[in-house]
Amino acid sequence: MAKKTKTGVKKRGEKIYWKQMIPLYLLMLPGLTYMICNNYLPMFGISIAFKKLDVRKGIWGSPWCGFENFKFLFKTSTAFDIIRNTVLYNVVFIILGTVLAIAAAILLNEVRSKVASRIYQSLILLPYLISWVVVSYLVYAFFAADTGLINSVLKGLGLNTIQWYQEKRYWPFILTFVHLWKGIGYSMIIYLSSIVGISQDYYEAARIDGATKWQQIKNITLPLIKPTVITMFILSIGRIFASDFGLFYQVPKNSGALYSVTQTIDVYVYNALMQNSDYGMSSAASVFQSIVGFILVMTANKIVSKYSRENALF
Amino acid sequence: MKKRVLVSLLTGAMAVSLLAGCGKGGTDDANAGGGQSTGGAAAGTEAGADAGSDEGAGGSAAADGEIYEVVMTIPVLGAEPSGLADVEAAINEIAEAEVGVHVTLYPISAFDLSSQVNLMITSGDKVDLISTLFSGVSDYVNKNAIIPLDDLYAQYGADIEKAEGIAMAGGYFDGKLYSIPSEEKWARSYGFFARTDIVEELGFTFDIDKTYTVEDLEELFAAYKEKYGDGYYCVAGTASNSEFYQYMNATDTLGGSYGTGVLPGGGLDGETTVTNIFATPEYQAHAERMYDWAKKGYFSPDASTNTDAGTVQVQSGFYLGSFSSTETDMESNLSRDCGYPMTTINLVEPFAATQMYTTTSWAITSGCENPEKTFQFLNLLYADNDLDVMLTYGLEGTSYKVLDDGDEPGGRAVIDYADGVDAASTPYNMPLHVFGDKLSIPVFTPNEMSYYDMAEEFNNSISDDRKSVALGYVFNATEVAAQQTAVSAVIQQYIGIVNCGAQDPATVMPEFLKALEDAGIDEIIAANQAQLDAWLAEQ
């Protein structure tokens, strides 16, 4: 839209262009003020990450300390594990989450009974609304070593029980499952909304030409929701260096034995800074995450714009 | 069409919630990043002034400069007590007359205390007197958020000195006095509390005045496990409080933690080498013992991740008891909290080390405009009056009634909830005792007047050879902050596994020690040793 207007106006000369634009810029003003006050001004807080905070002198007056506050992030021998966990889990979540959410959205769109469709939709969305603490106890009900559902079944079958919270090899799967179970309803609704937005004419024409359901999905639905998918994808790439604290801290019950597969940057920062509430180090951690996130969004967008210009975010 | 409207509404709602999320993150940053903006300071003073004028006299007097307005944070459990304003008024009646100070009580949940207070100080809100409950002073000192009190203490601290005695050692940091402890117990003993009914049923007797070995305890565990079997466990409170080594051995953590180096003998044997406790053969043996306990089923299988409080687990009836400090009133406290009468099994004789006095203390912020008056008020809390009683229990008649005031001096008495109120409906009661001289405030029934004699006897029984040589020394970890942070993350990871015997120490301990080394524990210990040597040389 914006691009079209711009080129249209340019033909008529710069002067007219500005005059016409003034009301539009005025309209933008409240939003812009909000953005600057709320999202840009606080960014000066980034400087705390490079300071040794002295409350008496205030944030500006505190002495600079270079990258001192960042050191603790790399001081541990598990720094590699932590970064690997954060990124790999997110990659898996993005891929599986997108595929399953789209599948669920397409299937739900095919449900003809209005009542049933609404019930399914609510049921799929429900886990998204449950707090992580509650989820962690639901998971615990399955995996508790003595009273858990799974171990009770194993015992009943005469098999050896498993100390779930001590055995790390199962947790990548458990965490992925729990994440998908909890998060899929939310992204499904976004995809569903763009699927319902597709004109029925395409499907009608396809049906007349004798297209099967699969062909309709492959050639109409998927291409038409591609822009939504790409937007969602780029947005989640930006969060690839952050993790869902509830999932990685609450669900494994912060079990030390599982750290090598459950510890992500957020969990590490929490465990490390629990004892000394050091503002400098905490903001160093989030500056680190933001910068890597920023770089990843830019890269992802660049790649997308190479591959299909009109779908890139900017 | 209808469906489409619904769906777009839903999407809209989600977009808004996303925006709201961003907005909220932004404002949080703004608060943290705003620094000492004048806005924050103004809001703080305004709030203070409002609170002052609400109570009449205080507001007008404060305006002409005679009376100084002190904002004091008080740690509360749960909601703000309904009787807060009445207590505040009663305190001000005394404080204004005695030291010319008008106090505004600022209740903060005990669990958020340190982060809230930090935020208040950083953003320049008016706050004068802070409780450093649980957090200790090092965080505040390193941010230059509180001031040294040596001169004020020498000038105005007579009542404090009388009340606190050797517990004053807990207020020092970097050779200066930064906080005033409120500690009535001058030492700690450690051990295990077992349910009395089970101990008797199994035919054991434990004398509270004797000290037992861990092997004695193991005999009790074995008998219990044999009798009750599967599903019943010996040790409760495993993940919430899992450094069991400290309940079996006297150790001096030098005002830090197990991650910053300790004196393994508790500083009682004259040894002053700061040691990485985890690397000692004693700790290796301890880890093996815990693994053995786990194999024998003394711990529940999920012990290392079960964060329920020990008292709650004992209440369930499936546990024998828990490790704890065992001095003076702990037996009656534990019996009350667990819902069963508990028997004390002492494993470590009473001894005194700095870390015991650093839990509850009071400090004055660097933003305080009149430290002298604030300190005079602080001293007044320890003097012979009812201020500390009111701050802890509220007002007589409305919150509590006196059952027996004996002939003891000061506020000593046995009390119960006032008629018509109970623990839930009382207008004011602070279960966290953090105010003033805690040996001059009443005790709740079923404690008796004899409690005071017992407590005094306990305090006086601590001979010099049961005091750590490093008493009064606190490690300042500023220079190794990054290492300390990394080490505490490592300890967090392994402590539960080792102490609940979740995995074989033969494989876990080397991993643990390696991780500690990588995180830089040796640098911390070297720094600690250098500071300790300098401190000892000064003494």
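Let's start with one pair of residues: in β9 of chain B, B:Gly321 is the bridge partner of B:Val235. A word on names: helices (H or I, at least four residues) and strands (E, at least two) are DSSP runs, numbered from the N terminus.

Now the ground rules. This is a predicted model, where local features need pLDDT of at least 70, side-chain atom pairs count only at pLDDT 80 or more, and totals for chains, interfaces and linings use all residues. Residues are numbered from 1 along each chain as its sequence is written, chains are lettered from A and ligands numbered from 1 in the order in which they are written, and side-chain values use heavy atoms, without hydrogens and water.

Back to that pair. β8(B) and β9(B), residues 319-325, pair in the parallel sense over two bridges. Two strands count as paired if DSSP finds at least two bridges between them. In general, strands of a sheet pair through backbone hydrogen bonds, either parallel or antiparallel.

Zoom out. The order in chain B is β8-β9-β7-β10, an open sheet of four strands with mixed pairing. β8 (233-235) and β10 (342-351) of chain B are at the edges, each with a single partner strand, so one side of each has no neighbour in the sheet.

Next sheet. Three strands of chain B form an open sheet, β12-β13-β14, again with mixed pairing. Here β12 (400-404) and β14 (443-444) of chain B are the edge strands; each has a single partner strand, so one side of each is left without a neighbour in the sheet. β13(B), residues 414-417, runs parallel to β14(B), paired over two bridges. One bridge joins B:Ile415 to B:Phe444 in β14(B).

Now the interface. In contact (heavy atoms within 4.5 Å) are 54 residues of chain B and 48 residues of chain A. Together the chains bury about 4500 Å², 54% of it on carbon and sulfur atoms. Buried area is the accessible area (1.4 Å probe) that two parts lose on being put together, summed over both. In chain B, B:Lys143, B:Asp302 and B:Thr305 lose the most area to chain A, together 13% of what that side buries.

How many salt bridges cross the interface of chain B and chain A? The rule finds zero. It looks for a side-chain nitrogen of Lys or Arg within 4 Å of a carboxyl oxygen of Asp or Glu.

Last point: α1(B) gives the largest share of the side of chain B that touches chain A, 15 residues.
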